[in-house]
Every structure is written in structure tokens, then in C-alpha cells.
Amino acid sequence: MKAIRRFSVRTVLPEQLQPLHELALNLRWSWHPETRELFRSVDPEVWAAVGEDPVRLLGEVPAGRLATLATDRRFLRRLGDLSDELRDYLTGPRWYQTALPPGDGSSPLPAAIAYFSPEYGIAAALPQYSGGLGILAGDHLKAASDLGVPIIGVGLFYRHGYFRQSLSRDGWQQERYPLLDPDELAVSLLREPDSTPCRIDLALPGGRTLAAHIWKAQVGRVPLLLLDSDIEANSAADRNVTDRLYGGGSEHRLLQEMLLGIGGVRAVRTYCRLTGHAAPEVFHTNEGHAGFLGVERIRELAAEGLDFPAALESVRAGTLFTTHTPVPAGIDRFDRELIARHFSGDAALAGVSAEQVLALGVESWEGGDPTLFNMAAMGLRLAQRANGVSTLHGEVSRGMFEGLWPGFDAAEVPITSVTNGVHAPTWIDPAVVKLGAAELGQEQAERAMMNGGSTRWSGLEKIGNAEIWELRRALRAQLVDEARRRLRASWHQRGAGDAELGWTSSVLDPDVLTIGFARRVPSYKRLTLMLRDPDRLRSLLLHPTHPIQIVVAGKAHPADDGGKRLIQQLVAFADDPAVRHRIVFLPDYDMAMAKHLYPGCDVWLNNPLRPLEACGTSGMKAALNGCLNLSVLDGWWDEWYDGQNGWAIPTADGVEQTMDPESREAEKRDDIESAALYDLIEHQVAAKYYDRGSDGLPHGWIAMVRHTLVTLGPKVLAGRMVREYVERLYAPAAEAQRGLGKGGAAELAGWKAKVRAAWPAVRVEHVEAEGPVEAQELGTTLTLRAAVSLGALTPGDVEVQVVSGRVDETDTLSEAVALALKPVGGPDLDGRHRYEGSLELSRTGPFGYTVRVLPAHELLASSAELGLVALPAEAAGMDTGPLR
């Protein structure tokens with residue numbers, strides 16, 4: 001029989017223990033060791049049984065134990081101290097409050113930022129994440145809390161979260177979706193003053209309404225609002241809109257993204273109304289899933305009297321779009337008819353027509369599909385600022401989206417980059433912190449982990465070799481114990497009995513070089529590249545003097561049978577009795593497992609198809625624990641590998657790129673790169689690890705570990721990342737938003753319309769240089785003159801530039817530098833405007849230049865913003881005689 005209704009019966013805490021509720025409901029416990037230790041001391045056995053979840057702990061600890069603690073003066077003192085410490089953390093000034101002093105009373109920093117993401121990895125106890133995107137979003141909120149950045153997080157509450165993974169007897173991935181009970185999680189329902197749950201409504205086609213309640217998770221200082229459609233006001237189908245992460249078909253996904261974007265803005269407005277929290281000046285959409293937030297904000301401004309063009313400019317000024325996608329296939333695209341149906345008729349947003357919505361997502365570039373609505377294109381059109389998540393990914397993104405800015409080279413596409421970071425207090429093992437604090441002091445160590453303001457963790461150089469090696473072995477042994485426990489549990493799920501599993505107690509060895517590989521399992525991450533030559537891998541695993549062992553984990557998307565086959569191949573290899581003590585696959589990779597993997601591995605392996613790894617933050621978490629990276633030069637590793645913090649896997653750059661894993665090019669590429677990987681492991685990685693001094697220590701290896709901690713530690717921090725967002729993107733967006741105002745938005749929209757209408761008449765008609773230009777000496781200065789027709793525009797509407805740089809055999813410019821030319825006098829008799837400037841020849845070799853005209857306005861974030869540029873006609877058709 002099944003229950004017809006489910007609810008949780010909570011323990012009533014004695015009055016003296018009431019602060020435990022406050023500590024449990026603020027997810028700061030997930031990165032605060034002292035608070036976790038307090039909860040563990042409540043009842044260590046129950047704490048372990050509930051997966052180190054304080055809310056479940058308080059629901060299951062025996063009443064007798066609580067009564068004892070209520071009279072335990074030592075426990076009550078600790079509880080009081082931690083409660084006071086949390087209050088100070090939540091209310092005291094932090095970096096943001098002192099970063100840019102207001103001076104005249106108005107701070108240049110935004111009063112608040114709304115951060116939208118489809119998933120959040122805050123803690124294993126709140127499973128609302130699938131992989132790197134969610135973990136990054138969780139780390140963003142946690143770092144913002146530590147820095148005092150006034151962010152409001154917005155997402156969806158998935159009643160089944162992402163799936164739990166197990167294996168069948170033959171190694172095939174199995175998925176299950178356990179129901180999450182909010183009463184057993186660190187969330188609370190947002191309520192109106194009369195105690196009724198707050199409700200968000202979205203109009204749907206056919207007169208339907210999609211309603212949602214708002215759950216609030218408190219992430220330190222940051223509120224995280226999660227919308228939940230599983231409420232009685234909805235039909236059975238609509239209750240399932242937020243059933244699971246990345247589930248369902250196209251319309252199901254669209255409804256999720258409408259609820260996240262449109263409903264999320266309404267949830268933020270509700271929260272601010274109820275709590276008095278400052279209204280966000282900046283809206284940050286983490287990937288395109290939340291792109292409809294811009295459409296909702298246009299609707300809000302339309303209700304205040306702005307027309308669509310003016311409202312669009314106002315929304316753009318205060319919006320930031322972060323793309324995590326290195327391939328077009330990773331972008332959500334919907335049938336245009338589906339979009340039209342959900343933004344028309346009784347489902348339309350007031351003041352925003354379906355045609356206007358469709359125009360935001362149209363694939364207008366050459367090769368685009370006009371029948372599809374592109375969420376990334378909408379995100380970029382609705383945001384004045386955009387970024388990728390590593391330097392290389394920014395470059396890839398500019399190339400991928402350059403069709404939105406026709407006439408501009410990819411290098412000038414207005415997408416910058418902020419390299420991701422990870423939240424050190426979450427991911428550094430307490431033993432590593434303790435070792436660092438012994439040299440730096442506890443307060444300085446904590447400050448270094450959170451603020452991200454240093455270039456080096458100076459002081460860690462003093463840690464002795466013996467101390468580092470003893471720590472590394474202890475962390476490796478901790479991972480070995482955890483891996484054995486999880487492997488045994490996995491084989492039980494696969495149908496094995498205890499009598500068959502005696503071998504699991506001797507799996508792995510705490511003294512053997514340990515390599516970790518754990519991530520999602522799409523084909524481009526190449527889980528099975530290590531299996532390319534099975535005999536070579538076996539020889540590495542079973543080497544008589546320099547053996548290695550490998551711990552592997554990862555989930556394939558439930559609909560990705562190709563990814564599941566990769567897992568099955570890896571599991572089949574790891575099941576072989578000859579090597580199963582040296583390589584293991586651990587199912588159900590999540591945050592709880594990751595906290596053992598990163599510290600316990602000596603080497604973190606990453607071998608994606610370059611350049612398809614946007615960032616790859618798992619290697620950052622490993623580095624924070626003294627683990628060395630062995631990776632393809634992709635994502636963050638491409639910019640921070642220095643030859644002493646790990647190894648770079650060579651890539652087959654001469655082989656044609658392809659996403660088809662069975663093509664001849666892919667086979668050749670994988671053969672080359674896997675051979676390079678085996679050689680690196682055998683001749684460099686293992687050789688250095690087992691190169692021991694007379695004291696038995698691998699001094700060269702330890703030097704690399706120390707160097708990694710000192711130099712990579714401060715770079716990979718989420719604190720550094722969030723500070724960059726604040727200083728480079730949030731503050732300028734807030735300034736643009738304030739400077740625009742309603743009148744400014746209308747003026748800017750009108751100016752853009754004028755420029756677009758007049759642009760066909762803008763031409764570079766003549767360019768000349770003073771003196772011969774065929775050959776020039778280094779240091780020579782050329783005087784350039786240009787004649788430009790502006791049509792209905794004035795010189796104040798444009799900037800005329802000379803763009804110079806190296807040229808190849810096709811006269812294509814590279815390493816280009818732009819310099820503004822100055823207007824000289826008024827228009828000539830033909831109505832042409834004259835511009836002049838000097839060009840210094842500071843580089844030798846083939847050199848060239850061109851002249852171009854760009855729109856110019858003080859409220860543009862980039863001269864490429866409108867995607868308009870006027871270039872000279874081909875030389876054969878240009879007037880090249882002297883100016884008259």
C-alpha cells in the first residue's frame with residue numbers, strides 16, 4: 001500500500017536549543033567547519049546516517065539526546081558562540097561594503113543584483129544541480145555572501161532534483177528520481193503578511209494559468225528564491241513543470257524557462273516588497289535558460305509608459321549574460337511557432353507582442369535556421385554586457401556568436417570573459433586548511449580563501465616537505481576508504497552478495513599514485529580516451545615499481561545512450577579481476593563524493609576535445625587541495641598552466657575537428673592524444689611521483705604541490721571571480737542603468753533607430769596617405785586623410801577609425817589596433833566630411849591598414865553594439881586621388 005499524503009513530523013527542540021534551527025536553515029553550515037562539527041556532536045551516528053544534513057538530523061535525533069544537550073553547558077556555550085558568530089557574519093560590513101566608498105553619498109556599486117540560474121549546487125543536502133553550471137552558480141552565491149555582495153539568487157525548485165545513478169549488473173546506467181520533501185530541506189515557504197503562501201501566476205495559451213509558490217533557501221547572506229509549480233492550483237500536467245532538472249520535451253523545457261525568467265522576476269519583486277530588500281539594479285542571467293527575464297522587465301516598463309524600443313534599451317543597460325556553451329548544440333532552441341503560441345492571445349505579455357519576442361531570438365545570421373528561436377541569441381540581444389567563463393572560452397564565444405555582429409571580426413565581438421572560480425571554504429579539505437593556518441594564522445587563512453585579492457598565497461612556501469607528504473598520504477587514504485565503501489554499495493545494487501565482495505576491501509592502495517577523473521559524460525569530454533589502448537593502460541596500472549590507480553565517476557544525461565555506452569565500456573574494463581584493484585568507477589557522482597575525490601587524488605585528469613571545455617572547474621577544486629592537473633590546454637588550464645603546476649596533454653591540432661566520435665578524423669585524433677597521455681603518465685607523472693630521495697620523499701613532486709598551492713590557490717577562487725564581476729561588469733551595468741533613466745532610454749532608442757535608417761548612406765569614399773606607402777622604415781609616421789559621406793548623420797553620431805596591423809597573403813589584418821581620426825572642418829561641396837590622423841609604424845614586416853566608420857554614442861558599451869560598420873569599397877572602385 002502507498003500513502004495518499006506525505007508530511008514530516010519534526011522534533012520539538014527545547015527552548016535552549018532553538019538556535020539550532022537558525023543554524024540549520026542557513027546553508028552557511030555547508031562551508032563552515034565549526035557549525036558542521038557542532039551538528040555532528042549532537043549525535044554522530046544520526047549525523048552520518050542522514051548524510052550530514054542538519055535539517056534531517058534535527059528531525060531524527062532522539063528526544064532524550066536533545067534533553068541531555070539542553071542541560072549541557074559546554075554544548076550550550078558553543079551553540080551560543082556560533083549563533084552570535086553567524087549573526088555577525090550576516091550583519092557586519094564585508095568587502096563590498098568598503099570596496100568603493102560612496103564619497104558623496106551615492107555608491108557606484110549596485111544596490112542589489114538578481115542572479116538567475118536553472119540549477120544551484122549549494123550542498124548535497126539540497127540536490128538542485130546536475131553538474132558544473134549548477135556548482136558554479138552555488139559557488140557564485142557563496143562567494144557573494146562572503147564578500148557581502150547583495151545578490152538575490154533565482155531558480156526553480158525541482159521536486160525530484162536531478163537523477164540518482166546506479167549500475168545494472170552489466171554496467172548500464174540506471175536512473176531513479178526520489179521525491180524531495182521541502183519539509184526535510186533547508187528551505188522555507190515565502191508567505192504574505194497574512195501567512196498565505198506567495199503565489200506567482202503566468203498566463204498560458206487556452207486561458208490556463210501556471211501558478212508557483214516560492215521557496216527560500218538562505219545561503220549565508222544571500223536569499224535564493226526557488227519557484228515550485230507542484231501546487232494544488234495547477235492541473236496535474238502543470239504541477240509537473242518543475243518536476244525534474246532538464247527533463248521532459250520541448251514544451252516542458254519552454255515552460256520551465258518561462259517560469260524561471262518571467263516568474264523569477266515576479267518572485268524577486270515579491271521578495272523585495274515583503275522584506276524591504278533593495279530592488280536589483282542589475283540582472284545577471286547564468287546561461288540562456290533564464291533569458292525571458294528581459295522580456296518580463298520590458299513588460300514592466302511598458303506598464304510604466306515606455307514603448308518597446310525604449311524599454312529594450314533600459315533593460316539592456318542593466319543586464320549581463322554569461323554563456324557557458326562552447327558549441328551551438330549546447331544552446332536551447334525552440335520552434336518559433338511554439339514561442340508564438342505562448343506569447344500570443346490570452347497568453348501575451350501586455351505591451352510586448354509575439355513578433356517582438358520572436359525577433360529577439362531569431363537566427364538572423366548566415367547559416368542560421370529561421371524556423372527556430374535561439375535562447376542564447378535572445379540573451380545576447382537583451383544584455384548590453386556578455387562574457388564567457390575563461391579567456392579561451394571568451395575567444396570561442398566571440399567566434400561562435402559573431403553572426404550577431406556582421407561586419408566585425410570575431411576579436412571585436414563584444415563578449416568579454418571572467419574566468420570561473422571555486423568557493424575554497426566549500427572545497428578545501430579541513431586538513432589542508434589546518435596545514436595552511438599553521439603558517440598563516442587561522443584568520444589570515446580564512447581571509448585568503450574568501451577574498452581572492454592576492455596573487456600569491458605567500459607563507460605557504462615555509463611548509464616542510466614531510467608535512468606536505470604526510471598530509472597527501474592521509475587524504476589519499478581517506479579517499480581509498482570512501483571508494484571501497486561506495487564500490488561495495490554499488491556492487492550490492494548490481495546484485496552481488498557479500499560472499500562475492502571480499503575483494504573490495506583491498507581495492508586501491510593509499511601509497512599508489514592516484515589519478516581522478518570525474519565529470520558529466522558527454523562525448524566531447526572523452527571519458528574513455530584512457531581506454532584507447534587497453535593493454536597500455538593495464539601496463540600502467542600494474543607496473544611493478546611505478547603503478548598508478550584511477551578513480552572514475554560521472555553521470556550521462558538520461559537521454560544520452562551514447563554517454564551511457566561510454567560508462568558501460570569503462571565499467572567493463574574496471575570489472576576485470578586483473579585490474580579491478582587499480583581502477584574503479586563510483587556511481588552517483590555528487591557534491592558529497594566530490595569532497596573526497598578532490599583532496600584524495602594526486603593527479604586530476606581532464607582530456608576534453610579542445611576547445612570545447614568552457615572552463616572545467618573540477619581541476620580548480622583539486623588544485624586547492626594540492627592535487628596536480630594533467631589536462632588538455634582547454635578552459636582555465638589554457639591560461640594558468642605554467643609548467644610547474646601539472647602537465648599539459650598535447651593535442652592533435654593538425655587533425656580536422658569533428659564532433660562525430662566514429663569519424664576517421666576523430667579516430668586519428670584520439671589515437672594521437674591517447675598515446676601522448678600514456679607517455680606523459682609513464683615517463684613524467686609516475687616517474688616524478690616515484691622519484692624518492694634518501695628520506696623516502698618525492699621532493700620534486702612536493703615542490704610542484706607547494707607551487708600549485710602558492711600560485712594557483714588565489715587565482716582559482718570564486719572570491720576573485722565575483723570581485724571581477726562586481727568591478728568589471730556589475731558596477732558599469734548599474735552606472736549605465738542609472739545614467740539612462742526613462743528619458744535617456746527613449747533618447748537612445750530614437751538615436752539607434754535614426755542611425756539604422758541612415759546607415760546605408762554612410763560610406764568611406766576616399767583614403768590617402770601622405771608620401772609613398774609601399775615601403776616604410778620602422779618609426780615612420782604616416783599622415784592619413786579620409787573623406788566620408790554620412791548621409792543624414794552628423795560627425796557626432798559616428799567615429800571614424802584607422803585600423804592597422806599585420807597582413808597575410810590575402811591582406812587580412814591580424815593583431816589589429818584601432819585609432820580614431822579627427823574631423824577637420826565642415827563638409828565639403830560634395831557633402832563629404834574630412835578626417836585626419838597619424839599612424840606610427842612601430843612594427844616591422846608586412847603591414848596594412850583600413851579606415852572604417854562606426855556608430856558612436858556615450859551610452860554604448862561597445863562600438864560594435866549595433867553591429868553596424870562602414871568600410872571602404874574595393875580599391876579598384878575607390879577614389880584614391882588627392883583630396884580636393
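This is a predicted model: local features need pLDDT of at least 70, side-chain atom pairs count only at pLDDT 80 or more; totals for chains, interfaces and linings use all residues.
On the H18 side I found Ala-431, Val-432 and Leu-435, and they meet Glu-467, Ile-468, Leu-471 and Leu-475 in H20. Sorting these residues by type, I got six nonpolar, no polar and one charged.

Next I looked up the geometry of this pair. H18 covers residues 430–440 and H20 covers residues 465–493. Their axes lie 10 Å apart, and the packing angle is about 170 degrees. Angles over 145 degrees count as roughly antiparallel, so I noted H18 as roughly antiparallel to H20.

**A sheet.** Then I turned to an open sheet of three strands, and I wrote down its order as E24-E23-E27, with antiparallel pairing. Which strands are at the edges? I have E24 (813–820) and E27 (847–855) there, each pairing on one side only.

**Whole chain.** Finally I zoomed out. I counted 28 helices and 27 strands in the chain. Along the principal axes, the C-alpha atoms fill a box of roughly 95 × 70 × 55 Å. I compared the radius of gyration, 29 Å, with the value near 29 Å for a compact globule of 884 residues, and the two agree.

Of the 884 residues, 57% count as buried. Among contacts with a separation of 6 or more, I noted that 73% come from residues 24 or more positions apart.

Notes: Residues are numbered from 1 along each chain as its sequence is written. Side-chain values use heavy atoms; hydrogens and water are left out. Axes are lines fitted to C-alpha atoms, for helices over the stretch in contact, and angles run from 0 to 180 degrees between N-to-C directions. Helices (H or I, at least four residues) and strands (E, at least two) are DSSP runs, numbered from the N terminus. Angles under 35 degrees count as roughly parallel, over 145 as roughly antiparallel, 65 to 115 as roughly perpendicular and the rest as oblique. Contact means heavy atoms within 4.5 Å. Ala, Val, Leu, Ile, Met, Phe, Trp, Tyr, Cys and Pro count as nonpolar, Asp, Glu, Lys and Arg as charged, and the others, Gly among them, as polar. Two strands pair if DSSP finds at least two bridges between them. The radius of gyration is taken over C-alpha atoms; the globule rule is 2.2 Å times the number of residues to the power 0.38. Buried means under 20% relative accessible area, exposed over 50%, partly exposed in between (1.4 Å probe, protein chains only).
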